[in-house]
Amino acid sequence: MWNFARIAASSLRGSRRLSTAIPGPCIVHKRGADILHDPWFNKDTGFPYTERDRLGLRGLLPPRVISFEHQYDRFMQSYRSLERNTRNEPEGVSSLSKWRILNRLHDRNETLYYRVLIDNIKDFAPIIYTPTVGLVCQNYSGLFRRPRGMYFSAKDKGEMMSMIYNWPAQQVDMIVLTDGSRILGLGDLGVQGIGIPIGKLDMYVAAAGINPQRILPVMLDVGTNNQKLLEDRLYLGLRQPRLEGEEYLEIVDEFMEAVFTRWPKAIVQFEDFQFKWAFETLQRYRTRFCMFNDDIQGTAGVALAGLLGTVRAQGRPLADFVKQKIVVVGAGSAGLGVLKQAVQAVSRMAGNSEAAANSQFYLLDKDGLVTKARKNLDSAAAPFAKDPGDINGLVEGANLLEVVRKVRPHVLLGLSGVGGIFNEEVLKAMRESDSPKPAIFAMSNPTNNAECSAADAFKHAGENIAFASGSPFANVDLGTLSSYWCFSCMEGFLSGS
């Protein structure tokens with residue numbers, strides 16, 4: 001039998017060693033059509049006659065034996081043909097068509113699916129994850145063909161400890177969990193948010209070498225407040241408003257206890273939880289279980305790496321990071337997570353308190369600049385609120401353009417989810433930055449929710465900038481500009497030469 005873990009390990013041998021590699025052949029406890037219907041064991045027409053006889057497959061497949069390599073080539077030819085045929089279609093139609101052909105392969109033959117992803121990660125990352133995954137989630141109930149992962153709902157209260165043993169894998173290393181309450185920048189998508197954990201884990205397998213037999217995408221369905229979904233006859237989730245307060249936390253508590261009872265060494269990644277539950281659950285579980293919140297901690301880690309990279313791009317020593325003036329637009333879980341991580345980094349590098357480190361940072365939300373003069377100031381944003389006496393020329397609620405013109409920041413970082421908020425005026429104002437090479441981070445996704453495009457950033461802010469984004473943009477050709485393709489979670493970095 002083909003074994004993906006062995007294939008992945010052999011392809012990466014010499015560069016890294018995968019602890020998840022499975023030695024030796026795998027044991028199959030199925031026969032006949034059951035094997036062909038199981039994507040883990042199915043090899044399509046690749047079964048040699050000895051295996052067809054031993055596994056009861058003779059007569060269930062066409063007579064010709066086609067190698068793994070031949071099947072790989074055939075799929076890629078089909079994909080390239082689809083690419084050509086949909087070239088003139090709207091981008092959304094083309095992207096969903098590509099997702100469908102990959103999803104059908106995933107349903108049929110997981111070994112071949114992951115081999116295709118590994119070898120073509122640059123082409124397929126935008127299809128299996130952002131920006132296409134946003135379209136998939138919005139239309140998931142209509143696209144649904146085969147269940148993937150596990151679904152725990154409010155109706156399963158009291159049953160989760162037994163339910164967790166319904167998952168067939170004996171070991172699970174990585175779980176990505178969402179409640180669908182804040183999917184990318186698209187809001188509450190309820191059970192349709194399962195597309196995010198599926199896509200994220202596929203990225204982990206293809207790009208990080210995690211064993212695909214030891215991953216688990218999970219949807220925690222506690223209802224939805226999206227009236228459009230509640231009225232959709234195809235909607236697959238609970239038709240009820242979201243649970244709140246203790247009722248909500250009781251469901252999450254029960255799930256976490258069940259998971260870590262069966263798999264005590266697993267990692268649970270909380271993904272796309274709405275603001276009020278993202279911080280609450282992180283504080284509730286971080287000292288009890290092996291878990292993290294990707295929006296607060298994962299995005300913050302990658303953003304901090306980008307911010308430090310910006311200092312280097314400016315030709316300055318890393319120690320100068322403490323002098324960078326940074327404007328953060330967006331006070332949600334991701335924005336505050338990035339801000340907290342950056343403030344901690346400045347505090348440690350400068351050897352002073354976090355309160356002192358705050359002086360270099362400016363936070364804006366939907367109501368403008370956040371200061372201590374604000375009424376009903378959110379407790380999570382309070383540590384980063386400016387003292388009105390320290391911001392001469394600016395007032396509570398000052399808009400983005402006013403802040404950029406007055407502060408002249410080294411870095412303008414967006415995690416607002418508001419597409420185009422870095423408009424022409426704001427980008428042109430960045431030309432007056434105190435940095436000779438200012439940085440613009442448009443980190444919201446999917447692409448339509450990005451604060452600005454790469455092309456607009458270079459057009460209006462000038463060629464001598466550093467740019468990073470949370471969604472993919474085409475390369476920008478400005479003559480003297482050297483650019484690198486950038487994609488989800490700012491894993492790519494685009495900068496002027």
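At roughly what angle do the axes of helix H5 and helix H6 cross? To find out in this predicted model, begin by selecting residues 91–108, which form H5, together with residues 110–119, which form H6. The two axes come within 6 Å and cross at roughly 135°. Next, display the side chains at the contact. H5 contributes Leu 102, Leu 105, His 106 and Arg 108, and H6 contributes Glu 110, Leu 112, Tyr 113, Tyr 114 and Val 116.

**The annotated positions**

Now select Arg 182 and Asn 445, which the unreviewed UniProt entry annotates as "binding site". These residues span 264 residues in sequence, yet no two of their C-alpha atoms are more than 11.8 Å apart, so they gather at one spot. Both Arg 182 and Asn 445 are included in the lining of the largest pocket.

Centre the view on Arg 182. The residue is found in the loop between strand S2 (174–178) and helix H11 (195–208). With residues up to four places away in sequence set aside, Arg 182 touches Gly 187, Asp 272, Phe 273, Gln 274, Asp 295 and Ser 333.

Move to Asn 445, located in the loop between strand S10 (439–442) and H20. At 13% relative accessibility, Asn 445 counts as buried. Its contacts, leaving aside neighbours within four places in sequence, are Thr 130, Leu 184, Gly 185, Gly 470 and Ser 471.

**Helix H20**

Finally, select residues 454–461, which make up H20. Which residues of this helix are buried? They are Ala 454, Ala 457, Phe 458, His 460 and Ala 461. Select His 460 within the helix: its relative accessibility of 9% is why this residue counts as buried. Beyond residues up to four places away in sequence, His 460 touches Glu 424, Leu 427, Lys 428 and Arg 431. The tour ends at Gly 462, which follows H20 and has a positive phi, near 105°.

Notes
Residues numbered from 1 in each chain as written. Predicted model: local features only at pLDDT ≥ 70, side-chain atom pairs only at ≥ 80, totals over all residues. Heavy atoms only, no water. Buried < 20%, exposed > 50% of the residue type's maximum accessible area, 1.4 Å probe, protein only. Helix = DSSP H or I, 4+ residues; strand = E, 2+ residues; numbered from the N terminus. UniProt positions renumbered as here; feature names shortened; annotations may be inferred. 1 Å grid on protein atoms, 1.4 Å probe; cavity = no way out; pocket = protein on both sides within 12 Å on 5 of 7 lines; lining within 4 Å. Contact = heavy atoms within 4.5 Å. Axes fitted to C-alpha atoms, helices over the stretch in contact; angles between N-to-C directions.
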